[in-house]
Structures are given as structure tokens and as C-alpha cells.
Amino acid sequence: MKLLKLTVSSTLLMCFLFACGGKKEEKKESFSYEKKEVKSEIASNPNDVVITSNDAMQYNKKEIRVKAGKKVKVTLRHIGKMDKNVMGHNFVLLKQGVDLMTFGNKAATEKENGYIPSGTDDVIAYTKIIGGGETAIVEFDAPEKGTYDFLCSFPGHYALMKGKFIVE
Ligand code: CU
């Protein structure tokens, strides 16, 4: 009899645990759903820009569009595997009127400064140089409406790694 009682109570306990576990899972699901919604809200902000770069010396974007009068956040991801000394990338936004090639050639000689000419007045914003698997973020106020050039200033990269940054 004792054994039977024990079996019954343990079965009850099992049921209880099961029910409890089920409830917990439901809660978890609704929580992650809420989280997803928040994420998509952030992604829909046009001034929250994500740009990737790779081992083939390329950005995934040739054009970036942002809204004027607001902060801009540029997240640069290096989705390759190569080291920053071999295939380093950054994101450099130039002021209007600055020649991209002239700037790129000058920057290429400034390794110790992360390929940004020291004391330069030519840039609006830039990230550090990153290698495969790394991410760099830069935040700044959107410049006035217009079209600007952006590039990677690692030596030789601006030939492929450049694009237009449009403020509207
Ligand atoms: Cu690069």
C-alpha cells in the first residue's frame, strides 16, 4: 500500500511539475516575442546604419541614406576572417569638397594614426581600423542635407571601398 501511495503522489507531483514547466515556457515565448519587436523598431530607424565589409575588400553598400537633423550611428562589421594588418577596414566620412583620392593617398601613409591623417580637418566621422570578426561603431550628428563621400582609408582600399552618404 505504501508503495502504491508513493507512486500516486509521485505521479501527481510529475503532473504538477509538467504543468508548471509548461507555464514557464509560455512566459518565455511571449518575452522573446516582445524582444523581437523592440529589435525591429531599432532596425527601422534610418539613421541607425549597419554596413558590412569582407575579405574581398568590399562594403555591402555603395549608398547610405540618412535623415538630417538627427544623430547618426554607423556600425561597421568585418564579416571576413583576415587580420586588420592585412585586410583592415574602417569607415571614414569626408566633408564636402574633399577629394577622395587625395585624402585616400594621404591617409594611406598614416598607419600609426589608424590611417587618418593626424590633425586633419577633412573628416566628419570615422571608425578605427578593424579585422575579421570585429565591429566598430561611430556616432555623430548628421551633417546638413547633401551628398558626401565615404571610404575605407586602409592603403589601396578606396578604389573599391567607397560610396555616397546622402543626408535628406
Ligand atoms: Cu578596407
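Not counting residues up to four places away in sequence, L76 touches I51, S53, Y59, H89, N90, F91, T127, I130, E134, T135 and A136, where contact means heavy atoms within 4.5 Å. L76 sits in strand 3; helices (H or I, at least four residues) and strands (E, at least two) are DSSP runs, numbered from the N terminus. L76 has a relative accessible area of 0%, so it is buried. For the record, buried means under 20% relative accessible area, exposed over 50%, and partly exposed in between, using a 1.4 Å probe and protein chains only. One of its contacts, S53, is 23 residues away along the chain, and the two C-alpha atoms are separated by 7.3 Å.

A word on where this comes from: it's a predicted model, with local features needing pLDDT of at least 70 and side-chain atom pairs counting only at pLDDT 80 or more, while totals for chains, interfaces and linings use all residues. Residues are numbered from 1 along each chain as its sequence is written, and side-chain values use heavy atoms, with hydrogens and water left out.

## The copper site

Three residues coordinate the copper ion: H89 through ND1, C152 through SG and H157 through ND1, at 2.1 to 2.2 Å. Donors here are N, O and S atoms within 2.8 Å of the metal (3.2 Å for Na, K and Ca), and since water is not among the atoms, sites may look incomplete. Along the sequence, the donor residues follow the spacing H-x62-C-x4-H.

## S153, next along the chain

S153 lies in the loop between strand 7 and strand 8. With a relative accessible area of 1%, S153 is buried. Its side chain reaches the backbone oxygen of Y115 at 2.7 Å.

Leaving aside neighbours within four places in sequence, S153 is in contact with N90, V92, F103, A107, A108, G114, Y115 and I116.

## How the strands pair

Strands of a sheet pair through backbone hydrogen bonds, either parallel or antiparallel. Here, two strands pair if DSSP finds at least two bridges between them. An open sheet is formed by three strands in the order 1-3-6, with mixed pairing. Its edge strands are strand 1 (48-53) and strand 6 (135-141), each pairing on one side only. From one strand to the next, the twist averages 20 degrees, with axes taken as lines fitted to C-alpha atoms (for helices over the stretch in contact) and angles running from 0 to 180 degrees between N-to-C directions. Strand 3 (residues 71-78) pairs with strand 6 in the antiparallel sense over seven bridges, and K71 has D141 as its bridge partner in strand 6.

Elsewhere, strand 7 (residues 146-151) is joined to strand 4 (residues 92-94) by two bridges, running antiparallel; L93 has F150 as its partner in strand 7. Strand 7 is also joined to strand 8 (residues 162-167) by six bridges, again antiparallel, with T147 standing opposite I166 in strand 8. Strand 8 pairs with strand 2 in the parallel sense over four bridges, and R65 has I166 as its bridge partner there. Strand 2 (residues 63-66) has a covered face, I64 and V66, and an uncovered one, E63 and R65.

## Aromatic pairs

Searching the whole structure turns up five aromatic pairs. Rings of Phe, Tyr and Trp (its six-membered ring) pair if their centres lie within 6.5 Å; planes under 30 degrees apart count as stacked, over 60 as edge-to-face and the rest as tilted. F91 and F165 make a tilted pair because their planes are at 55 degrees, with ring centres 6.5 Å apart. This pair links distant parts of the chain, 74 residues apart: F91 is in the loop between helix 2 (84-87) and strand 4, and F165 is in strand 8. Both F91 and F165 are buried.

Y115 and F154 form an edge-to-face pair, 5.2 Å centre to centre with 65 degrees between the planes. Y115 and F154 are both buried. Ring pairs also link Y59, F91, F140, F150 and F165 into a cluster.

Technical notes: Polar contact = N/O pair within 3.5 Å; in protein donor to acceptor, adjacent residues only side chain to side chain.
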